[in-house]
Amino acid sequence: MKKMEWGEDPELSGPRNYYRESMLIREVRKRKKRGKILDFGCGSGSLLMRIAKYGYKGDGIDLSKSAIEYARMKTKNKNMYKSIHFSVESDMNLFKKNMQ
């Protein structure tokens, strides 16, 4: 069995991840009825895709190119590509861009 490196497996999920996302979605819906969500470290985008079902839009950012490519493929297959966008960047690069 080949040892996986960080970012090689774009779909890292399970019952704990689903539960964590459910708690986050519940809190977001309490505090913000509609709008746009920013997900740093979005991985394969499962949180954004779940919350988009409630009418939210979102931006997902991750360092893993393979995870972002997989997330883009999933949103395209589910016709969510108009409301959710993904990019490969580090949070420091984003802060530097916003400071200029």
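Is threonine 75 buried or exposed? Threonine 75 counts as buried because its relative accessibility is 2% (buried is under 20% relative accessible area, exposed over 50%, partly exposed in between, with a 1.4 Å probe and protein chains only). This is a predicted model, in which local features need pLDDT of at least 70, side-chain atom pairs count only at pLDDT 80 or more, and totals for chains, interfaces and linings use all residues. Residues are numbered from 1 along each chain as its sequence is written, and side-chain values use heavy atoms, leaving out hydrogens and water.

Threonine 75 sits in helix 3, residues 65–77 (helices are DSSP runs of H or I with at least four residues, strands runs of E with at least two, numbered from the N terminus). Setting aside neighbours within four places in sequence, threonine 75 touches Met49, Met80, Tyr81, Ile84 and Phe86 (contact means heavy atoms within 4.5 Å).

Helix 3 lies across strand 2 and strand 3, at about 165° to strand 3 (axes are lines fitted to C-alpha atoms, for helices over the stretch in contact; angles run from 0 to 180 degrees between N-to-C directions).

Three strands form an open sheet in the order 1-2-3, with parallel pairing (a pair needs at least two DSSP bridges). Strand 1 (36–40) and strand 3 (84–88) are the edges; each has a single partner strand, so one side of each lacks a neighbour in the sheet. Neighbouring strands are turned by 15° against each other on average, direction ignored. Strand 2 (residues 57–62) runs parallel to strand 3, joined by five bridges. Aspartate 62 stands opposite valine 88 in strand 3.
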